[in-house]
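Trainee: Could you take me through how to read a sheet, a helix end and a buried side chain in a model like this one?

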Amino acid sequence: MRLSDLPKGATAVVDRVDDAHASDPIAQRLRDLGFVAGEPVRVVAQGPLGADPLLIQIGSTRFALRRKEAERVLVHAEKAA
């Protein structure tokens, strides 16, 4: 599933970031920001009518991402403890 598909308040774990092409600077920047395999993420808020931007939390840090950027991040549902 893609990060952009998660509903508001949902938590998931990052699987990977897809590169659109070789040396993709946006994908690399997402990885640099902490979107790496195994990191828990949460959708904190969405723009009006479920549009841009998405407010995403990793740890204690929050990022505003465009939906097109969030589509590059593949995640899976967090297992209940």
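This is a predicted model: local features need pLDDT of at least 70, side-chain atom pairs count only at pLDDT 80 or more; totals for chains, interfaces and linings use all residues.

Trainee: In what order do the five strands of the open sheet lie, and how are they paired?

Mentor: Reading across the open sheet, the order is β4-β3-β2-β1-β5, and the pairing is antiparallel. The edges are taken by β4 (61-65) and β5 (73-77), each of which has a single partner strand, so one side of each is left without a neighbour in the sheet. From one strand to the next, the twist averages 40 degrees.

Trainee: How many bridges join strand β1 to strand β2?

Mentor: Three bridges link β1 (residues 11-17) with β2 (residues 40-46), and these two strands run antiparallel. Across this pair, Val13 stands opposite Pro40 in β2.

Trainee: Which residue caps the N-terminal end of helix α1?

Mentor: The cap on α1 (residues 25-32) is Asp24, which places a side-chain oxygen 3.1 Å from the backbone nitrogen of Ile26. Just after the helix, Gly34 adopts a positive phi of about 115 degrees.

Trainee: Does Arg72 count as buried or exposed?

Mentor: A residue is called buried when its relative accessible area is under 20%, and Arg72 therefore counts as buried at 19% relative accessibility. Arg72 sits in the loop between α2 (67-70) and β5, and, leaving aside neighbours within four places in sequence, its contacts include Arg2, Arg16, Asp18 and the capping residue Asp24, as well as Ile26, Ala27 and Leu30.

Notes
Residues are numbered from 1 along each chain as its sequence is written. Side-chain values use heavy atoms; hydrogens and water are left out. Two strands pair if DSSP finds at least two bridges between them. Axes are lines fitted to C-alpha atoms, for helices over the stretch in contact, and angles run from 0 to 180 degrees between N-to-C directions. A polar contact is a pair of N or O atoms within 3.5 Å; within protein, one must be able to donate a hydrogen and the other to accept it, and residues adjacent in sequence count only if both atoms are side-chain atoms. Buried means under 20% relative accessible area, exposed over 50%, partly exposed in between (1.4 Å probe, protein chains only). Contact means heavy atoms within 4.5 Å.
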